[in-house]
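Take a first walk through this protein with the model open beside you.

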Amino acid sequence: MKKLKILSSFDIKIIAMITMIIDHIGYFFYFKFDDYIYTILRSIGRISMPLFVFLIYQGYKHTKSLKKYILRLLELAIVTQALTLIVGVIFNMIDSSYAITFYMKPNIIFSFAISLLLLELYSKLHDTKSKEEKFIGIITVIGLLSTYILVDIEYGFIIPFIITILFLYDKIVEHKKFFFTISILIFLLLFSENIMIYSLFAIIPIMLYSEKKGYSNNKIFYYFYPFQYLFLMILGFIVYKNW
């Protein structure tokens, strides 16, 4: 089995980026595709989100400063949100028939930052024996999760659900296979009638993870995410106007 552990963190990041681009091509150029092709592109794109969540989790386990890690994500989230909101509003003023309104939702990177806070709380709850600290921790977790009810963050509860599963799987010494099977069944029950079900294919590269970092350049992701999103958003609008 160890021979099959061939993918580094960087390799998984590349797979996540490629599937994300495919997803965004389907999303921003929806008018160019029939329903069948559109569904295929968006279904392939579902693979990217769990991979990014997995990478965020790996980053959490190996970061030297959680505070700096969260701040970097928040900075990226805010910059991305501001740029896409400005461009989206301008496009809507020019031609509101271009049916892209996703920029109105807080983007996925905000959820990544919240997930890191949840992981830290989970860890403290796992390690502490104090009933008072456990109570405060549980209340704080509920408070953070309430954010998803009050604010329509991209992907909703799916990201904290996956990050929680990853944390619990790591902490279980025995019965990992049973826990894994139950988690898959819960996911199937939640998303059996939704294209989110194709996120399960992300398990393949995750199972091939070698626990090696590989080529290291965090700036690739930090610059790539907002750049590709804005580029495809602008290009999609230009093509739509000339279609």
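From the N terminus on, the elements run α-α-α-α-α-α-α-α-α-α. That comes to 10 helices and 0 strands. Helices (H or I, at least four residues) and strands (E, at least two) are DSSP runs, numbered from the N terminus. This is a predicted model: local features need pLDDT of at least 70, side-chain atom pairs count only at pLDDT 80 or more, and totals for chains, interfaces and linings use all residues. Residues are numbered from 1 along each chain as its sequence is written, and side-chain values use heavy atoms, with hydrogens and water left out.

Now the overall form. The C-alpha atoms fill a box of roughly 60 × 40 × 35 Å, taken along the principal axes. Of the 243 residues, 44% are buried (under 20% relative accessible area, with a 1.4 Å probe and protein chains only). Contact means heavy atoms within 4.5 Å. Among contacts between residues at least 6 apart in sequence, 78% join residues at least 24 apart.

Next, the helix pairs. Two packed helices are described by the angle between their axes and the distance between the axes. Axes are lines fitted to C-alpha atoms, for helices over the stretch in contact, and angles run from 0 to 180 degrees between N-to-C directions.

Start with helix H1 (residues 9-28) and helix H2 (residues 35-45). Their axes come within 7 Å and cross at roughly 145°. Residues of H1 including Ile22 and Tyr27 meet residues of H2, among them Tyr38 and Leu41. This contact divides into 5 nonpolar, 3 polar and 2 charged residues. Ala, Val, Leu, Ile, Met, Phe, Trp, Tyr, Cys and Pro count as nonpolar, Asp, Glu, Lys and Arg as charged, and the others, Gly among them, as polar.

Helix H3 (residues 48-62) packs on helix H5 (residues 108-127) at about 45°, with the axes 10 Å apart. That makes H3 oblique to H5. The H3–H5 contact has 10 nonpolar, 1 polar and 1 charged residues.

The H7–H8 contact holds 11 nonpolar, 1 polar and 2 charged residues.

Key:
Parallel < 35°, antiparallel > 145°, perpendicular 65-115°, else oblique. Buried < 20%, exposed > 50% of the residue type's maximum accessible area, 1.4 Å probe, protein only.
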